[in-house]
Amino acid sequence: CMRINPASDISCPEDHLIYFRFLGRLMGRAMFDQQLISGHMVRHLYKHILGWPITFEDLKDQDEEYFQSLNQFTKMTGEEISSLFLDFTLAEESLGVRRDVELVEGGKDMEVT
């Protein structure tokens with residue numbers, strides 16, 4: 001399946017968004033002309049194009065193990081979650097360089113409860 005590479009701005013930083021726009025126009029034209037495109041995208045991209053709501057269940061089709069791991073949080077008590085010492089950051093690795101990204105402003109100082 002095709003999915004958007006979060007590191008796409010590294011390979012061509014000055015014009016990587018132009019390629020997304022081109023692909024969007026290509027897919028839009030194919031839909032307008034009722035033509036099939038030989039390629040598969042992840043379900044949530046199709047749903048986004050059609051304006052359908054994207055749900056947590058859509059993650060299951062993309063990565064079932066990740067879905068199951070996140071789903072376990074819904075069954076945990078507040079005390080169990082606090083014992084994991086989680087904060088609102090995401091460790092991102094791109095081309096061998098790892099960096100922490102704050103999901104909200106001041107996320108590294110906010111504990112998940």
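Ile37 sits in the loop between α2 (16-32) and α3, where helices and strands are DSSP runs numbered from the N terminus, with at least four residues (H or I) for a helix and at least two (E) for a strand. Ile37 counts as partly exposed because its relative accessibility is 42%; buried means under 20% relative accessible area, exposed over 50%, and partly exposed in between, with a 1.4 Å probe and protein chains only.

A word on what you're looking at. This is a predicted model, in which local features need pLDDT of at least 70 and side-chain atom pairs count only at pLDDT 80 or more, while totals for chains, interfaces and linings use all residues. Residues are numbered from 1 along each chain as its sequence is written, and side-chain values use heavy atoms, with hydrogens and water left out. The mean pLDDT (the predictor's confidence in each residue, from 0 to 100) is 83 for the protein, and 88% of its residues reach 70 or more.

With a relative accessibility of 73%, Gln34 counts as exposed. Its backbone is worth a glance too: phi of Gln34 is near 55°, a positive value in a residue other than glycine. Most residues other than glycine have a negative phi. Phe85, in the loop between α6 (78-82) and β1, also has a phi near 55°. Phe85 is exposed, given its relative accessible area of 71%.

Now move to the loop between α3 (43-50) and α4 (58-62), where Trp52 is placed. Trp52 is exposed, at 52% relative accessibility. Together with Met31, Ile49 and Leu50, Trp52 makes a nonpolar surface patch of about 420 Å². Patches are built from residues with over 30% relative accessible area and no salt bridge, joining like charges within 9 Å and nonpolar side chains (Val, Leu, Ile, Met, Phe, Trp, Tyr) within 5 Å. The areas come from the Shrake-Rupley method with a 1.4 Å probe, and a salt bridge is a side-chain nitrogen of Lys or Arg within 4 Å of a carboxyl oxygen of Asp or Glu.

Glu57 belongs to the loop between α3 and α4 as well, and is partly exposed at 47%. Glu57 and His44 are 13 residues apart in sequence and 10.0 Å apart, C-alpha to C-alpha.

What about aromatic contacts? Rings of Phe, Tyr and Trp (its six-membered ring) pair if their centres lie within 6.5 Å; planes under 30 degrees apart are stacked, over 60 edge-to-face, and the rest tilted. That rule gives one aromatic pair. The rings of Phe56 and Phe67 have centres 4.8 Å apart and planes at 35°, so this pair is tilted. It links distant parts of the chain, with Phe56 in the loop between α3 and α4 and Phe67 in helix α5, 11 residues apart. Phe56 is partly exposed at 38%, whereas Phe67 is buried at 3%.

Finally, the strands. β1 (residues 89-94) and β2 (residues 97-102) pair in the antiparallel sense over six bridges; pairing requires DSSP to find at least two bridges. Glu92 stands opposite Arg99 in β2. The two strands form a hairpin with two residues between them, and Leu95 in the turn has a positive phi of about 55°.
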